[in-house]
Every structure is written in C-alpha cells, then in structure tokens.
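Me: I've got a structure open and want a quick tour before I set anything up. Can you take my questions as they come?

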Amino acid sequence: MTYLETLDYLFNSLPMFQRVGASAYKSDLNNTLALCKFLGNPERKFKSIHVAGTNGKGSTSHTLAAIFQTAGYKTGLYTSPHLKSFTERIRIDGDEIAQDAVVQFVTENKDFLDDLKPSFFEMTVGMAFWYFAQQKVDIAVIEVGMGGRLDSTNVIIPELSIITNIGYDHMQFLGSTLPEIAGEKAGIIKPQIPVIISQTQDETTSVFLDKARQMNAPIVFADEKFAIKSVREKRLQDQILAEFEVASKGRSEILEFGLLGNYQKYNLPGILEAVDQLRSQGWKISEEGVKIGLAEVVVLTGLKGRWQILGENPTVIADTGHNEPGIREILAQLKNYTFTKLWMVIGMVQDKDISKILNLLPKEANYVFCNAQIPRAMPADQLAEKAFSLGLKGEIIPNVNNALNFARKNAGSDDLIFVGGSTFVVAEIDEL
C-alpha cells in the first residue's frame with residue numbers, strides 16, 4: 001500500500017469520531033487491550049505522562065513535551081485530533097511519524113485490524129504506542145482523546161497523571177453535570193500514581209479527592225501552589241510571547257510562554273507542578289530548560305491553532321476553542337485587544353449545544369458563518385438560521401477560506417477578525 005492508500009484505509013475503513021461522531025465511539029477498552037496484546041504490549045515499554053481535561057490538555061501536553069525535549073530526553077507526544085496531517089498525532093522530539101512507518105504499521109497488522117474492526121482512534125493509539133516503543137523514547141506525553149475512564153489511551157501506567165479542568169463538552173458520552181464529567185476524567189487516576197489537578201473547581205474537587213483516596217494516589221491541586229497572573233504580550237522579532245507572573249512559596253518571577261491567550265494561566269500551574277514532581281522522581285530538568293521549553297513550545301512541538309495570529313492590519317486570530325468554557329475564555333481574551341470592529345468567522349459541529357455558545361457571542365460583531373468539510377459539521381445555513389434567531393447578524397459563506405477572505409476584504413485595517421468555533425474550521429485555514 002502507498003501512503004495515500006493507507007490513509008484512505010484508515011479514514012474510510014475505520015469509524016472516525018471527528019468525522020462521523022457518535023457512531024465511532026466505543027464504550028469499553030476491549031479493542032485497545034486486544035490490539036496492544038497483539039502488538040506485544042508496547043505501552044509497557046516506555047515511561048509516560050497522561051493528560052486529560054476538557055480544555056488545556058493539548059497545550060499542557062505540548063508544553064511538557066517541549067520541556068522534556070529541551071532537557072535532552074527523547075520525547076514522544078501523542079495528541080488528537082490533527083489539523084493538517086494525520087502524522088501530527090504522533091511525534092518524537094517534534095518530528096512527525098514518518099509516512100513509511102504509518103504504512104508499515106498498517107501493512108503488518110492489516111489482517112488483524114480487519115478482524116478486530118477497531119475505531120480510527122483505537123488504531124491510532126495502538127500505532128503511537130508501537131512507534132514509541134520501536135523508537136525507544138525516554139518518555140511519552142499521552143493526551144486523552146475524550147473523557148478518560150473509557151478512552152483508548154487509558155491502558156498506560158504513567159509516571160503521573162494530569163487533569164487540566166472540567167467543562168461541558170461531549171455530554172452525550174460523559175454526563176450532563178460537571179461532577180459526572182469529572183468522574184469520567186478521574187478514570188485516568190491509577191493506584192499509587194500521583195495525579196495533578198491544574199485548576200481547582202468547587203463542583204469537582206470532591207470527585208477527584210474521592211477517586212484519589214480510592215486509588216491511594218497522591219493528589220495535588222496545582223493552582224493552590226502556583227498563583228499565575230497574565231502580564232502582557234511582547235514581540236521579539238517575528239515571535240510574540242505571553243508573559244505570566246508566577247508566584248509560589250513567597251517568591252515570584254516572570255515566565256515567557258510561546259502559547260498566547262490569558263487562558264494559559266489555568267494550564268501553567270499543572271505544567272509547573274508536573275515539572276516539580278518529575279524532578280523528585282529523578283528526571284533531570286533544569287530551570288533554564290523549563291524556560292526554554294515554555295518560550296519555544298511552538299517551534300519545538302509544531303503546535304498550531306492556539307490563539308494563533310495569522311495576520312495584521314486587520315489582525316486575524318485563530319483558536320480551536322470550541323465548547324462553552326473555551327468560548328468564554330476566547331471572548332474574555334478579545335477584550336484585551338483594541339479594534340474598531342470585530343468580525344467572527346464561525347463554524348460548529350452538530351453534536352454541540354450551539355444555543356449556549358451562540359448566546360455568549362457579542363451581538364455587535366459582524367459574523368461570517370461557515371462549515372468544515374466533514375460530515376459532523378453543522379451546515380452554515382443552519383448555524384446562521386439559529387444565530388439570526390438569537391440576534392446575531394452576518395453572511396453565510398460555507399467554505400472556510402472564502403469566509404475568511406470575505407472578512408479580510410470587508411474589514412478595516414483597525415478591525416479584528418477571529419476564526420474558530422470548531423477545531424475543524426481552524427484546520428481548514430489554508431495559511432495555518
């Protein structure tokens with residue numbers, strides 16, 4: 001099989017949640033366990049860190065990978081979904097898995113995959129574990145896909161687990177209340193394995209404490225140890241860095257972070273606490289290594305779509321935030337910018353509670369409604385109809401890039417254009 005034939009097999013033969021939604025969801029770990037066993041249990045052949053949460057798990061995973069890379073460790077990174085290329089999901093020291101390795105994995109295991117019929121995600125997790133074991137990584141940062149308890153990644157025994165925060169997302173699978181959703185995320189807590197909670201939330205604290213107690217797992221609420229305050233964004237040549245003030249144990253310092261967005265203040269406590277705990281386990285991570293990893297996370301790991309500035313005059317910003325808490329943070333961040341008119345190029349998927357999100361959006365903005373080219377996407381005209389009924393005004397231009405070009409053409413140089421509402425809208429931006 002060629003690489004393109006292999007991708008066609010992966011995308012079309014195996015059910016893919018990001019494309020088709022609920023029909024690809026598996027409610028147990030049986031397929032993953034069977035696939036790992038067939039592969040010789042590669043997940044037991046490397047050390048790992050497990051990262052779950054509603055928002056922030058991707059930023060946290062990439063940042064920890066960047067810090068380990070800077071410290072000189074051969075570092076695996078598994079994340080999802082991808083934006084541009086399938087190979088983004090599996091990286092070692094920032095380099096994406098080779099296309100030949102993807103072909104090799106499918107070719108060698110196709111008969112078994114055909115019999116097992118795993119989901120796309122289950123197969124991808126198996127491929128990542130196989131690749132990390134084959135390449136003998138020192139450590140791999142493994143991002144949960146959805147939830148935690150029943151997520152395919154939840155077959156590893158990590159050095160530590162991190163849960164970033166809890167918000168309303170994927171409620172048809174994870175529950176309708178924050179404690180219920182937290183219960184699913186808490187499923188990654190393992191016996192005697194330390195767990196870090198990045199953001200303390202009143203509704204979920206007892207869920208995590210109870211689960212940690214059951215598992216005899218040490219637990220730390222990181223934001224009780226590290227107080228983080230956003231300071232400013234500063235430009236260094238062609239790079240923009242966010243400055244955060246970090247206060248801990250009676251002292252404070254300014255850290256530069258290559259990921260923009262005030263909402264990173266919720267991720268930083270978990271990242272810094274993870275570094276402290278990993279040091280206590282014997283990992284050699286210098287203060288300078290932490291600073292370089294934070295500042296150069298985008299360069300080191302290739303992360304895209306997190307408050308990414310795509311242009312100026314007018315300012316164009318893309319962000320993959322797509323659920324209610326994510327959109328709230330985006331809107332709060334936009335208030336830090338000075339502009340004449342706000343344009344919002346927005347698309348969403350059909351299995352979100354779009355009414356809650358649309359009700360958050362500013363009515364004075366100019367909207368351009370679009371949709372990603374996936375089956376799960378809500379057609380732009382349907383999204384617009386709902387938005388219009390709630391008092392929003394704008395145009396319907398289904399193609400993401402045509403929608404962005406329309407906004408650019410009609411915006412003034414002092415305006416701001418935001419593109420998002422769905423990971424898959426951001427993924428289709430040509431210049432990303």
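**Helix packing, loops and a buried threonine**

Me: The crossing of α3 and α5: left-handed or right-handed?
Reply: The crossing of α3 and α5 is right-handed. Keep in mind that this is a predicted model.

Me: What angle do α3 and α5 pack at, and how far apart are the axes?
Reply: The angle is about 160°, and the axes are 11 Å apart. Helix α3 covers residues 30–38, and α5 covers residues 99–116.

Me: Roughly parallel or roughly antiparallel, then?
Reply: Roughly antiparallel. The packing angle is about 160°, and angles over 145 degrees count as roughly antiparallel.

Me: Which residues in α3 and α5 meet?
Reply: From α3, Asn31, Ala34, Leu35 and Phe38. From α5, Asn109, Phe112, Leu113 and Leu116.

Me: How many residues of that contact are nonpolar, polar or charged?
Reply: Six are nonpolar and two are polar. None is charged.

Me: Switching to confidence. What's the mean pLDDT of the chain?
Reply: The mean is 93. Of the residues, 97% reach 70 or more.

Me: Where is the pLDDT below 50?
Reply: Over residues 17–24. In the model, that stretch still has 26 contacts beyond near neighbours in sequence.

Me: What about Pro194: buried or exposed?
Reply: Pro194 has a relative accessible area of 14%. Under 20% counts as buried, so Pro194 is buried. Its place is the loop between α8 (178–185) and β7 (195–197).

Me: Which residues is Pro194 in contact with, leaving aside neighbours within four places in sequence?
Reply: Glu159, Leu160, Ser161, Pro218, Gln277 and Gln281.

Me: How far apart are the C-alpha atoms of Pro194 and Gln277?
Reply: They are separated by 8.6 Å. Along the chain, the two residues are 83 residues apart.

Me: Backbone angles now. What's phi of Lys136?
Reply: Near 55°, a positive value in a residue other than glycine. Lys136 lies in the loop between α6 (120–134) and β5 (139–143).

Me: Is Lys136 buried or exposed?
Reply: Exposed, because its relative accessibility is 65%.

Me: What's phi of Asn216?
Reply: Also positive, near 55°, in a residue other than glycine. Asn216 belongs to the loop between α9 (205–215) and β8 (219–221). Asn216 counts as exposed, at 52% relative accessibility.

Me: Why call out a positive phi?
Reply: Because most residues other than glycine have a negative phi.

Me: Last one. Where does Thr124 lie?
Reply: In helix α6. Thr124 is buried, with a relative accessible area of 0%.

Me: What does Thr124 touch, not counting residues up to four places away in sequence?
Reply: Tyr78, Phe86, Arg89 and Ile90.

Terms used:
Residues numbered from 1 in each chain as written. Predicted model: local features only at pLDDT ≥ 70, side-chain atom pairs only at ≥ 80, totals over all residues. Heavy atoms only, no water. Axes fitted to C-alpha atoms, helices over the stretch in contact; angles between N-to-C directions. Helix = DSSP H or I, 4+ residues; strand = E, 2+ residues; numbered from the N terminus. Parallel < 35°, antiparallel > 145°, perpendicular 65-115°, else oblique. Left-handed = near helix turned anticlockwise from the far one by under 90°. Contact = heavy atoms within 4.5 Å. Nonpolar A, V, L, I, M, F, W, Y, C, P; charged D, E, K, R; others polar. pLDDT = per-residue confidence, 0-100. Buried < 20%, exposed > 50% of the residue type's maximum accessible area, 1.4 Å probe, protein only.
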